[in-house]
Amino acid sequence: MFINASRVAGAVCLLLAAAPAASATAPGAPPGVCEAPAPAVPPLPGPSSSASRIQGGFTFLEGPVWIDQPGYLLVSDLGAAAGAQQVQPSTIHRLIPGAPPETFVAASGSNGLALSPDGQQIIAATHDNRGVSAFPLPGGARTPIAATFQGRAFNSPNDVTVRADGVVYFTDPTFQRGRRGDEMGGRTGVFRVVDGQVALVDDTLRQPNGIALSPDGRTLYVGAFGENLIYAYAVEPDGSTGARTVFASIAGPDGVTVDCAGNVYWVSHNEGRVHVFSPAGVELGTIAAGPQATNAAFGGPDRRTLYITAGRTGDYGISSISLGVPGYPY
């Protein structure tokens with residue numbers, strides 16, 4: 001799917017309209033997320049904790065994001081690959097505590113989800129159109145954010161994170177490419193979108209998956225699923241990145257979120273648990289989440305509840321655990 005460049009630029013300008021202007025230092029978390037100092041308490045109740053399953057019965061969940069008002073969780077539910085191109089359909093569900101799930105977007109084609117800086121749109125990695133898209137809240141038609149790189153289609157964008165000034169970063173493995181042609185020359189990579197322009201961050205990672213920014217916006221974390229490694233990139237004020245370093249190593253790094261103290265919560269799909277690291281990369285403990293865990297996000301009234309998507313295909317669900325430090329809603 002090819003999109004006119006000016007149209008894409010206009011879509012991203014909408015994201016930037018309500019965001020803070022770029023400054024001499026990299027902007028951090030979106031407004032209202034981590035503005036107060038993080039509490040000086042341990043983030044975990046202990047070195048080895050467990051989350052409790054609170055809802056199930058989904059096909060394959062990904063990309064949780066918490067919407068503060070009125071308070072609900074959005075998740076992507078991926079179905080079985082279908083059609084001649086063997087592309088997985090997906091639906092965004094709205095989960096309101098104590099109520100049955102509702103359909104938010106029936107044919108979203110989405111995986112990872114994030115919030116725009118103004119909190120008015122969901123930014124989604126949409127593998128159905130091999131791009132990144134925006135869905136307005138509380139509902140509406142999608143708008144393209146990124147469709148191609150140098151005229152070539154992406155593989156299947158998987159996860160996404162958004163800086164406070166609207167800069168979008170996303171990963172592009174091959175997991176949901178299906179039988180569609182390889183236009184990336186066998187490479188899987190990480191990209192950023194600034195003012196409607198797509199730029200390459202790194203195309204040497206094997207199957208990059210989860211992606212997140214530190215609260216101060218100065219570090220970009222990317223999990224290379226095919227390498228069992230998590231990388232960190234220094235982020236410049238203009239959104240460009242420096243050389244990467246190895247941040248940590250876990251088995252099958254999938255989705256990720258961060259708390260307001262800068263601790264990093266990385267989901268191990270292979271282990272069914274979340275590994276929690278300090279900003280320095282020191283492991284603080286783990287959270288058992290259930291088999292084939294995929295992603296995590298903070299939510300609840302004080303954003304101290306960590307929601308984790310995990311399960312087996314055909315019976316995926318949500319697990320949760322209360323933690324000491326509030327965090328990102330995606």
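Is Arg177 buried or exposed? I looked this up to start: Arg177 is buried, at 17% relative accessibility. My cut-offs are under 20% relative accessible area for buried, over 50% for exposed and partly exposed in between, with a 1.4 Å probe and protein chains only.

Before going on, I noted that this is a predicted model, where local features need pLDDT of at least 70, side-chain atom pairs count only at pLDDT 80 or more, and totals for chains, interfaces and linings use all residues. Residues are numbered from 1 along each chain as its sequence is written, and side-chain values use heavy atoms, leaving out hydrogens and water.

Next I turned to salt bridges (a side-chain nitrogen of Lys or Arg within 4 Å of a carboxyl oxygen of Asp or Glu). I found eight of them in the structure.

I went back to Arg177 and found its side chain in a salt bridge with Asp182, 3.6 Å from N to O. Asp182 is partly exposed at 38%.

Then I checked Arg187, which pairs with Asp203 in a salt bridge whose closest N and O atoms are 3.4 Å apart. Arg187 sits in the loop between β14 (168-172) and β15 (189-194) and Asp203 in the loop between β16 (197-202) and β17 (208-213), so the pair ties together parts 16 residues apart in sequence. Strands here are DSSP runs of E, at least two residues, numbered from the N terminus. Asp203 is partly exposed at 25%, and Arg187 is partly exposed at 42%.

My last entry is Arg94 with Glu102, a salt bridge with its closest N and O atoms 3.1 Å apart. Arg94 is buried at 18%, while Glu102 is partly exposed at 33%.

Note on methods:
Helices (H or I, at least four residues) and strands (E, at least two) are DSSP runs, numbered from the N terminus.
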